[in-house]
Amino acid sequence: MSPNTLHDSLLRPSILHILRAAGFNATRPAALDTLVDLASRYIVLLASQTAGHAFANHNDVVPTVMDVRLALQDVGALRPQIGIMEEQSRHEEDTRGMDAFLKWMMGDESREIRRIAGMVGSEGDVDVEVGSEREDFLTALKKKHSKTGEESRFQGTVLGKGADVKPVRLEGGHSESIEGWEARLKEQHQISKLHSTRHSSSALLSSASSPLSEPLIPS
């Protein structure tokens, strides 16, 4: 499975939940694939714009809230919004786009999406622990398919923690690891290349000192 196929398969459940929250109970595979492709392209564009602003503003790979906000402006998520130069000339910050974005995220329009994602409780649900965070649907799905409730099953994959890189030992031979074998192979290649160079040099010297190469002297 290629990385693109893996990422699309991970994004597909989110798109299905959004369609379900919007009131759709069925969709064609071609339409679903189109929406998944559009969403993935939009996320990649947003991430690349955020990384670009992070490097331009503070030369760091870790973005700040300002970098994300500038990226949201670039992709057209914050509207209406005036430019930064106009904000500086007015000596005031235009937050209309951000206010509208937060209002949409936390408002009733996206409440169904948050409920299906597990971020908002359904009617009649009672929280046992006050202030406890609800689990999103992906975390709940992982626990459902893991009998032990641990993430060891997903370790080393994009859904779990990264696995520790361990050296691969080679049985037999002069090298005990792939790194040692690679270094030994490079050393042998350099030695053979040096022998070949010396052989070529000696051949040139012998041909230069040969009687056949000397001019004929008339007797």
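Reader: In what order do the elements of the chain run from the N terminus on?

Author: Happy to start there: this is a predicted model, in which local features need pLDDT of at least 70 and side-chain atom pairs count only at pLDDT 80 or more, while totals for chains, interfaces and linings use all residues. Residues are numbered from 1 along each chain as its sequence is written, and side-chain values use heavy atoms, with hydrogens and water left out. Elements are DSSP runs numbered from the N terminus: helices (H or I, at least four residues) and strands (E, at least two). The chain has eight helices and zero strands, and the order is α-α-α-α-α-α-α-α.

Reader: Which elements have the lowest and the highest mean pLDDT?

Author: pLDDT is the predictor's confidence in each residue, from 0 to 100. Over the chain its mean is 76, and 65% of the residues reach 70 or more. Among the elements, the lowest mean, 71, belongs to α7, and the highest, 92, to α2.

Reader: How much of the chain counts as buried?

Author: Buried means under 20% relative accessible area, exposed over 50%, and partly exposed in between (1.4 Å probe, protein chains only). The chain has 219 residues, and the buried share of them is 16%.

Reader: What volume does the largest pocket have?

Author: The search uses a 1 Å grid over the protein atoms alone: a cavity is a set of points where a 1.4 Å probe fits but cannot get out, whereas a pocket is an open set with protein on both sides within 12 Å along at least five of seven lines, and lining residues have an atom within 4 Å of a point. Grid points are joined across faces, edges and corners, and a volume is the space filled by probe spheres set on the points. For the largest pocket, that volume is about 950 Å³.

Reader: Which element gives the most to the lining of the largest pocket?

Author: The lining has 25 residues, and those closest to the pocket centre are Ser-14, Ile-18, Ile-43, Trp-104 and Ile-113. Two or more lining residues come from each of α1 (3-21), α2 (29-58), α5 (96-106), α6 (111-116) and α7 (137-145). With six residues, the one that gives the most is α2.

Reader: Which elements do the buried residues of α3 pack against?

Author: Helix α3 covers residues 65-74, where Asp-67, Arg-69, Leu-70, Ala-71, Leu-72 and Gln-73 are buried. Their packing partners are α2, α4 (84-90) and α5.

Reader: Is Asn-59 buried or exposed?

Author: Asn-59 is found in the loop between α2 and α3. Although not a glycine, Asn-59 has a positive phi of about 50°. Its relative accessible area is 63%, so Asn-59 counts as exposed.

Reader: And His-91, buried or exposed?

Author: This residue is in the loop between α4 and α5. With a relative accessible area of 73%, His-91 is exposed.

Reader: Which residues does Leu-19 touch, not counting residues up to four places away in sequence?

Author: Leu-19 lies in helix α1, and its relative accessible area of 15% makes it buried. Leu-19 and Ile-113 are 94 residues apart in sequence and 8.9 Å apart in space, C-alpha to C-alpha. The residues that Leu-19 touches are Phe-24, Thr-27, Leu-32 and Leu-35.

Terms used: Contact means heavy atoms within 4.5 Å.
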